[in-house]
Amino acid sequence: MGAQRVAERFTELYGARPEGVWAAPGRVNLIGEHTDYNDGFVMPFALPHQAIAAVARRDDGLLRLHSADVQGGVAEMSLDTPAPQGAGDWTAYPAGVVWALREAGHEITGADIHLSSTVPAGAGLSSSAALEVVIALALDDLYELGVQPRQLARLCQRAENVYVGAPTGIMDQMASACCTVGHALFLDTRDLSQRQIPFDLAAGGLRLLVVDTRVKHAHNAGAYGKRRAGCEKGAALLGVDALRDIPYADLDAALARIGDEEEVVRLVRHVVTEDHRVERVVELLRAGEIRAVGPVLSEGHASLRDDFRVSCPELDLVVDTALANGALGARMTGGGFGGSAIVLAEAAEVNAVTKAVEEAFIAAGFTAPQIFEAVPSAGARRVN
Ligand code: ADP
Ligand code: MG
């Protein structure tokens, strides 16, 4: 749904025109998985898929919310409703953003919001961050708060962690808020310093496919929490603040010091090698060697599958099939246990790879995947 249609629907719902329309994208992470809660590196880029929100201020302390993508009418709540503990319905995301902004001392007196999103929900493409960031940006703009993008991302993360109750890192919100067209975002999650790395697939005759396996990551909070705790244990055993502080060159010595804690060894090895893979991809892209990124992606997948153990049969099938049919590289992206994989391929190989993956899913009896091409797109912005 385009910006104009979202604005029109707002007017139908609320009987007055919106004050503006904003957009914020979903993302895929090129490389750097499960590094963001280890103070490490990530490298997402924005998808053309985005959440669009039409918004107008209110001055009576009410928040009214409507999504074109959810059954049901306009939800209405008072801004003074206390923070819910744990997930409610979808309205917790925008309500959480308003809560986080107000908690940070910003004066917000109410809003009417209608939104629509083309980011598939629960596919590991960060529909939740798109939703949070579009609302945060709209309110920042309308209430003239002057909050910088990385601080807005922090507040959105706080909304998701505390108000929605989902323990996520900072990558998704930073990607949605800060990505730019034609670039991947090289982000240091320790201090949020960032560099825009040119990532022009088309110029190199390449394509990047996103394969949504349609397997919903059914909030694997238990598995996520366990790995997070394992990483913290590894850092504690090694006497560092976070696994980010283990240099790649010292990995073998560090693993030897962990000793017979086999699971911690695997988790630490993934995180340290993954940070190193991000740095290698940055170097390759800066040198214009996009093709050479492929094998690094595939290595990353093997590490997530064998060491971090967050893959699943559908994701493995995408990667194995793509590589067997001429792809340059492939890996799961996002938290794992379902969601999406990415495939880097020559433009001329895209049809063959797509067909092979679709056929492999049929042969395996899996739900048909959703396959689309991803072009590095714009971050959050006002569109009307
Ligand atoms: P992901 O971010 O990977 O897509 P999450 O579980 O983090 O998955 O977020 C998905 C949730 O975000 C949905 O269950 C829903 O509550 C909310 N959401 C996403 N898109 C929309 C939308 N267009 N309208 C309403 N809620 C949405
Ligand atoms: Mg999410």
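Ala, Val, Leu, Ile, Met, Phe, Trp, Tyr, Cys and Pro are counted here as nonpolar, Asp, Glu, Lys and Arg as charged, and the others, Gly among them, as polar. The model is predicted: local features need pLDDT of at least 70, side-chain atom pairs count only at pLDDT 80 or more, and totals for chains, interfaces and linings use all residues. Residues are numbered from 1 along each chain as its sequence is written, while chains are lettered from A and ligands numbered from 1 in the order in which they are written.

**View 1. The shell around ligand 1.** The shell holds seven nonpolar, seven polar and one charged residues. Of the 15 residues around the ligand, Ser67, Trp90, Ser117, Ser127 and Ser128 come nearest; a residue is near if its C-beta atom, placed from the backbone, lies within 6 Å of the molecule. Helix α3 (residues 127-142) gives the most to this shell, with three residues. Helices (H or I, at least four residues) and strands (E, at least two) are DSSP runs, numbered from the N terminus.

**View 2. The annotated binding site.** An unreviewed UniProt entry annotates Ser128 and Glu160 as "binding site". The two are spread over 33 residues of sequence but cluster in space, with a largest C-alpha distance of 8.4 Å. Ser128 is part of helix α3. UniProt positions follow the numbering used here, feature names are shortened, and annotations may be inferred rather than shown by experiment.

**View 3. The packing of α2 and α4.** Helix α2 (residues 92-103) packs against helix α4 (residues 149-164) at an angle of about 115°, with the axes 8 Å apart. Axes are lines fitted to C-alpha atoms, for helices over the stretch in contact, and angles run from 0 to 180 degrees between N-to-C directions. From α2, the residues that meet α4 include Ala92, Tyr93 and Trp99; among their partners in α4 are Leu155, Arg158 and Glu160. By class, this contact has 12 nonpolar, one polar and two charged residues.

**View 4. The two domains.** The domain assignment of the chain gives domain 1 (3-196 + 378-382) and domain 2 (200-373), with bounds from an automatic or database assignment. Their centres, taken over C-alpha atoms, are 26 Å apart. In domain 1, 24 residues are in contact with 34 residues of domain 2, contact being C-beta atoms, placed from the backbone, within 7 Å. Strands β1 (20-29) and β2 (41-42) are the elements that give two or more residues to the domain 1 side.

Conventions: Contact = placed C-beta atoms within 7 Å.
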